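Student: Could you walk me through this model before I start working with it?

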Amino acid sequence: WETESVQKLHEEAVQHFPSNNPLKNPSSRQLLGNTIASHALNAKTLWDRGILGKGVRVAVFDTGVRADHPHFEDIEERTNWTHEDILDDVLGHGSFVAGVIASKSQECPGFAPKATILTFRVFSQAQLSFTSWFLDAFNHAIRKKVDVLNLSIGGPDWNDQPFVTKIREMTANGII
């Protein structure tokens with residue numbers, strides 16, 4: 001797993017987008033699920049080359065993942081960093097994000113169906129989160145030697161200095 005290899009493969013895949021690809025026409029960007037998104041991003045080009053995410057460890061920082069989700073066969077670890085005593089994703093967002101990354105469903109494949117997923121529940125049922133929860137979870141992700149960190153977050157604290165500093169530390173540890 002090398003960052004340069006992934007970047008090169010990404011650049012090659014983008015070059016081969018068909019002219020009718022929705023990502024080439026911003027007015028038609030309606031990615032309604034993993035199947036459409038995978039097609040739009042031409043994931044099949046990578047899959048046909050055997051690039052399925054095997055050996056890649058992806059940390060998903062979100063609302064968790066449902067334990068009984070049918071699209072996942074092997075989630076290595078599910079952790080909760082919130083004040084709530086549950087692991088399951090009651091909102092569905094974390095499960096969706098993990099599915100876009102690594103769903104093993106034939107009808108709704110993720111981009112990297114053989115990637116290893118580690119979920120970090122950093123949002124409560126009320127969609128509340130604190131920088132301290134993220135910082136603790138980031139440290140755990142570094143210890144677990146993840147390769148890729150997915151943050152699909154937003155909000156007013158995007159430039160919070162401890163958060164930004166920790167992201168730089170993760171990058172220094174080779175985490176994309």
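Student: How many helices and strands does the protein chain have?

Tutor: Bearing in mind that the model is predicted, the protein chain has six helices and four strands.

Student: And in what order do the elements run from the N terminus on?

Tutor: Starting at the N terminus, the order is α-α-α-β-β-α-β-α-β-α.

Student: What share of the residues is buried?

Tutor: The protein chain has 176 residues, and 40% of them count as buried. Its accessible surface comes to about 10200 Å², with 53% of that belonging to carbon and sulfur atoms.

Student: What about contacts between residues at least 24 apart?

Tutor: If you take the contacts in the protein chain between residues at least 6 apart in sequence, 72% of them join residues at least 24 apart.

Student: OK, cores. Which residues have the most contacts inside the largest one?

Tutor: The largest nonpolar core has 18 residues, and those with the most contacts inside it are Phe-61, Phe-120, Val-122, Phe-134, Phe-138, Leu-149 and Met-170. Two or more residues of this core come from each of strand S1 (57–62), strand S3 (116–121), helix H5 (131–143) and helix H6 (161–172).

Student: Which of those gives the most?

Tutor: That is H5, which gives six residues to this core. Apart from this core lies another one, of twelve residues, and among them are Val-58, Val-65, Phe-72 and Ala-112.

Student: Back to Leu-149, what is it in contact with?

Tutor: Once its neighbours within four places in sequence are left aside, Leu-149 is in contact with Ala-59, Phe-61, Phe-138, Ile-167, Met-170, Ile-175 and Ile-176.

Student: And Leu-151, where is that one, and how exposed?

Tutor: Leu-151 is in strand S4, and with a relative accessible area of 29% it is partly exposed. Not counting residues up to four places away in sequence, Leu-151 touches Phe-61, Phe-134, Phe-138, Phe-163 and Ile-167. Leu-151 and Ala-59 are 92 residues apart in sequence, while their C-alpha atoms are 8.7 Å apart in space.

Student: How do H5 and H6 cross?

Tutor: The axes of H5 and H6 come within 10 Å and cross at roughly 10°. Since angles under 35 degrees count as roughly parallel, H5 is therefore roughly parallel to H6.

Student: Which residues make that contact?

Tutor: On the H5 side they are Thr-131, Phe-134, Leu-135, Phe-138, Asn-139, Ala-141 and Ile-142, and on the H6 side Pro-162, Phe-163, Lys-166, Ile-167, Glu-169 and Met-170. Sorted by class, the contact of H5 with H6 has nine nonpolar, two polar and two charged residues.

Student: Switching topic: why is H4 described as largely enclosed by the rest of the structure?

Tutor: Helix H4 covers residues 93–102, and eight of its ten residues are buried, so this helix is largely enclosed by the rest of the structure. The buried residues in H4 are Gly-94, Ser-95, Val-97, Ala-98, Gly-99, Val-100, Ile-101 and Ala-102.

Student: Which residues other than glycine have a positive phi?

Tutor: Examples include Gln-127, with phi near 65°, and Lys-145, with phi near 60°. Gln-127 lies in the loop between S3 and H5, and Lys-145 in the loop between H5 and strand S4 (148–151).

Student: Are those two buried or exposed?

Tutor: Gln-127 is exposed, with a relative accessible area of 59%, and Lys-145 counts as exposed at 61% relative accessibility.

Student: Last one, what does Leu-128 contact?

Tutor: Leu-128, also found in the loop between S3 and H5, is in contact with His-83, Val-122, Phe-123 and Trp-133 when neighbours within four places in sequence are left aside. At 35% relative accessibility, Leu-128 counts as partly exposed.

Notes. Residues are numbered from 1 along each chain as its sequence is written. This is a predicted model: local features need pLDDT of at least 70, side-chain atom pairs count only at pLDDT 80 or more; totals for chains, interfaces and linings use all residues. Side-chain values use heavy atoms; hydrogens and water are left out. Buried means under 20% relative accessible area, exposed over 50%, partly exposed in between (1.4 Å probe, protein chains only). Contact means heavy atoms within 4.5 Å. Accessible areas come from the Shrake-Rupley method with a 1.4 Å probe; for residues, only the protein chains shown count as cover. A nonpolar core is a set of buried Ala, Val, Leu, Ile, Met, Phe, Trp, Tyr and Cys residues joined through side-chain atoms within 4.5 Å. Axes are lines fitted to C-alpha atoms, for helices over the stretch in contact, and angles run from 0 to 180 degrees between N-to-C directions. Angles under 35 degrees count as roughly parallel, over 145 as roughly antiparallel, 65 to 115 as roughly perpendicular and the rest as oblique. Ala, Val, Leu, Ile, Met, Phe, Trp, Tyr, Cys and Pro count as nonpolar, Asp, Glu, Lys and Arg as charged, and the others, Gly among them, as polar.
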